Each structure stands twice: as C-alpha cells, then as structure tokens.
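Subject: Structure for your review

Dear colleague,

Please find below the structure that I am handing over to you. I would be grateful if you could look through it alongside the notes that come after it.

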Amino acid sequence: MKQLYTFIRKEFAHVLRDRKTLLILFGLPIVQILIFGFALTNEVRNAKIVIFDQAQDVASQQLISKIKASRYFDIAYAVMDRAGIEAAFKKGDIRLAVIFPQGFNNDLLHAHHAQIQVIADAADPNTATTLTSYITSIIQDYTATQEPYQISPQIRFLYNPQLKGAPNFVPGVMSLVLMLVCVMMTAVSIVREKETGTMEVLLVSPFSPLMVIISKAIPYLLLSLINVTTILLLSTFVLQLPINGSIPLLFAESTLFIITCLTLGIFISVKTNSQQVAMLISLMGMMLPTILFSGFMFPVENMPLPLQLISNVVPSKWYYNIVKAIMIKGLGFSAIWKETLILAGITVVLLFVSFKSFKIRLS
C-alpha cells in the first residue's frame with residue numbers, strides 16, 4: 001500500500017503540472033460534416049405517444065385518425081387510465097400523452113367548444129415544445145374542418161414546466177466532461193510512460209502491472225468525482241435546478257460511469273504508443289459520440305437504424321439517461337437498472353480486453 005500511495009502521489013503531480021493543449025486534426029471537420037450532413041436532424045419524427053380516449057365517440061376517433069396519419073407521431077398503445085400514462089412517462093416509453101374527456105363529441109355539437117389535454121415530457125424541453133406544437137397544429141387543422149366548433153388543447157409539461165434548458169444540458173455536460181477528462185487523461189498518462197521510457201522501469205520493478213494501472217486511474221477517479229460535485233452544486237445553486245432523486249444513487253452511478261471511462265482510457269493506452277495518437281482517438285472517439293449519440297443534442301430515434309445501433313455502445317448515452325431519470329424525474333434504481341447493467345457490462349468487457357492486451361514484458 002505504501003508503494004501504491006507513492007505512485008498515486010506521483011500521478012497527482014503529473015496531472016497538476018500538465019498543461020498541454022488539445023490537438024485537433026484535419027479529420028475532425030470531415031467527420032463532423034458527414035455526421036451533421038447525413039445522420040442528424042432537429043426535426044422530431046415518430047415520437048412515441050399514448051392516447052387515453054374517454055369519449056369513444058365519432059369526433060375523438062376522427063381526430064385520433066389524423067394523429068395516426070401524421071409522420072410526427074407513433075401511437076405506442078392505448079391506455080385505460082391516468083395511472084397508465086404516469087407509468088409510461090416514468091419508464092421513458094413515451095414523449096407525449098393525449099387525453100380526450102368524456103362527452104367530447106357532445107361538447108362540440110352543443111357547446112361548440114371542447115377541450116383536449118396534452119401532457120408532454122419536458123425533461124427535454126426542446127422536444128416537448130416541438131411535439132406540443134405539432135399536436136396543436138393537427139388539432140387546429142381538424143378544427144378548421146368542423147366550423148363553427150372549437151377545440152382548445154390544454155398543454156401540460158411534466159418535470160420541467162418552465163421549459164428551462166438546464167434540465168437537458170446539465171446531464172449532457174456531466175457526460176461530456178467525465179468522458180473527456182477520464183478517457184483522454186488516463187490514456188495520455190499511460191502512453192507518456194511509454195514515450196519517456198519510464199514504463200520499462202515500472203515493469204521491471206517489484207510493483208505489479210495491475211497496481212501500475214490502478215495508480216494511474218485513481219487520481220482521475222477522485223478528480224472526476226470533484227467535477228461531479230462541482231457541476232451538481234452549480235446546477236442547484238446557480239441554475240436553480242434541484243436534484244429530485246437520491247444523491248447517493250446519483251454519485252454511485254457517476255462512479256460507475258467514471259470507472260467505465262477510465263477503463264476505456266486504459267484500453268486506448270494499451271493500443272497506442274504516442275500521446276498524439278491517444279489524444280486524437282480520445283477526442284474523435286469520445287467527444288463526438290458523446291455529443292451526437294447520447295441524446296444530449298439530437299434525438300437518437302430520429303437517426304438511421306445503423307446509427308441507432310451504434311449509439312447503444314456509447315457509454316455516455318446510458319449515463320445521460322440515468323442522470324435525467326434520477327436528477328430530473330426523481331426516479332429510483334428500479335427505473336435505471338437496465339442502464340446500470342449495460343454500463344457495468346461495458347466496464348467488465350473493457351477491463352478484460354485491456355488487461356489481456358497489456359504488455360508486461362519489455363519489447
């Protein structure tokens with residue numbers, strides 16, 4: 001343990017005095033143009049919704065048919081009560097719910113006015129605003145064919161009634177910061193030992209290769225937890241974004257994600273022999289997927305199927321969903337166990353491959 005403490009202290013010294021700037025190569029703009037040009041769009045299509053039709057009359061069925069015909073919505077299933085709507089939102093199965101009250105057609109015929117309740121998941125405020133605009137447009141289009149009747153949709157936003165941007169970008173920033181700091185710095189720190197020749201000294205020392213890797217990772221684990229704490233404090237006291245779920249659970253999930261990122265950095269380091277290559281892979285291989293495929297900036301469901309499949313191997317996608325579920329929706333472990341299991345599986349696979357690939361003999 002004394003040897004481990006000495007190596008960890010050495011790594012902290014390296015971290016505190018390293019001021020290298022990040023390297024951006026010519027391949028990065030090419031990748032950005034290809035992805036932004038062909039894969040991504042801000043338009044929301046095929047959003048999963050549910051319909052609670054209490055009226056079951058001619059007018060409600062006509063309007064439901066128009067919603068089904070729209071390319072913006074995909075009716076996941078019909079629900080029979082409000083509890084089913086709440087459960088669907090908590091699971092993350094839907095983005096929107098449409099509720100027809102009893103006597104909908106009768107209100108149109110006799111009062112010339114009827115109401116429809118629209119409930120949107122505002123954890124992602126941009127998507128919620130877009131979807132409510134779409135559904136309002138469909139209702140207004142139907143109303144135009146039913147003169148002189150009038151239908152007034154009642155819009156309700158869950159989790160983020162004020163449609164603030166913070167509930168969306170805070171989880172995304174956490175994913176991005178942790179991914180870049182952990183992966184890039186871990187990869188570079190190990191490759192630096194190879195370039196300077198000190199890795200040979202470490203390999204012939206009594207210190208085991210496993211302890212060498214652990215001593216490299218621990219400083220970045222601690223620094224990343226400080227980053228998590230800083231982000232949460234800023235979001236709570238500066239952005240007025242409270243943590244609705246369990247703080248210990250959030251830190252536990254953050255620790256798992258940090259370990260996942262550290263193992264990814266170790267994997268990159270054992271496959272490269274120069275700091276420049278390690279930084280390039282960390283930037284292009286981590287920053288872009290985190291921004292583009294985590295759901296932070298663009299809805300994953302709008303992407304082509306091959307890219308949706310690729311997004312499943314991006315750890316930040318699952319962590320982003322976990323943070324939103326805990327921090328914004330106030331859900332517990334029962335709602336995020338699948339994402340947690342996937343992150344743990346990715347970590348185990350990366351650790352196994354990294355230790356198998358780590359060369360313990362001098363070349």
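This is a predicted model: local features need pLDDT of at least 70, side-chain atom pairs count only at pLDDT 80 or more; totals for chains, interfaces and linings use all residues.

The protein contains 14 helices and 5 strands. Of its 363 residues, 48% are buried. The accessible surface amounts to about 17700 Å², and carbon and sulfur atoms account for 64% of that area. Where contacts link residues at least 6 apart in sequence, 80% of them join residues at least 24 apart.

An unreviewed UniProt entry lists residues 21-40, 169-191, 220-243, 249-270, 277-298 and 341-358 under "transmembrane region". I compared two of these spans with the model. Residues 169-191 are 100% helix and 0% strand, with 32 Å between the end C-alpha atoms. Residues 277-298 are 77% helix and 0% strand, and their end C-alpha atoms are 28 Å apart.

The largest nonpolar core comprises 43 residues. M174, M179, V183, F257, Y319, M327 and L343 have the most contacts inside this core. Two or more residues come from each of α7 (166-196), α9 (209-237), α10, α11 (275-293), α13 and α14 (337-357). Helix α7 contributes the most, with 11 residues.

The structure holds 3 of them. In one, the ring centres of F100 and F104 are 5.3 Å apart and the planes meet at 85°, so this pair is edge-to-face. F100 and F104 are both buried.

Another pair is formed by F257 and Y319, which are stacked with 4.2 Å from centre to centre and 0° between the planes. Because F257 belongs to helix α10 (residues 247-271) and Y319 to helix α13 (residues 315-328), the pair ties together parts that are 62 residues apart in sequence. Both of these residues, F257 and Y319, are buried. Setting aside neighbours within four places in sequence, Y319 is in contact with M174, S175, L178, E253, S254, F257 and L343.

Finally, the charged end of K317 sits over the ring of W318, at 4.7 Å from the ring centre.

With kind regards

Technical notes: Residues are numbered from 1 along each chain as its sequence is written. Side-chain values use heavy atoms; hydrogens and water are left out. UniProt positions are given in the numbering used here, feature names are shortened, and annotations may be inferred rather than shown by experiment. Helices (H or I, at least four residues) and strands (E, at least two) are DSSP runs, numbered from the N terminus. Buried means under 20% relative accessible area, exposed over 50%, partly exposed in between (1.4 Å probe, protein chains only). Contact means heavy atoms within 4.5 Å. Accessible areas come from the Shrake-Rupley method with a 1.4 Å probe; for residues, only the protein chains shown count as cover. Rings of Phe, Tyr and Trp (its six-membered ring) pair if their centres lie within 6.5 Å; planes under 30 degrees apart count as stacked, over 60 as edge-to-face and the rest as tilted. A charge sits over a ring if NZ of Lys or CZ of Arg is within 6 Å of the ring centre and within 35 degrees of the ring normal. A nonpolar core is a set of buried Ala, Val, Leu, Ile, Met, Phe, Trp, Tyr and Cys residues joined through side-chain atoms within 4.5 Å.
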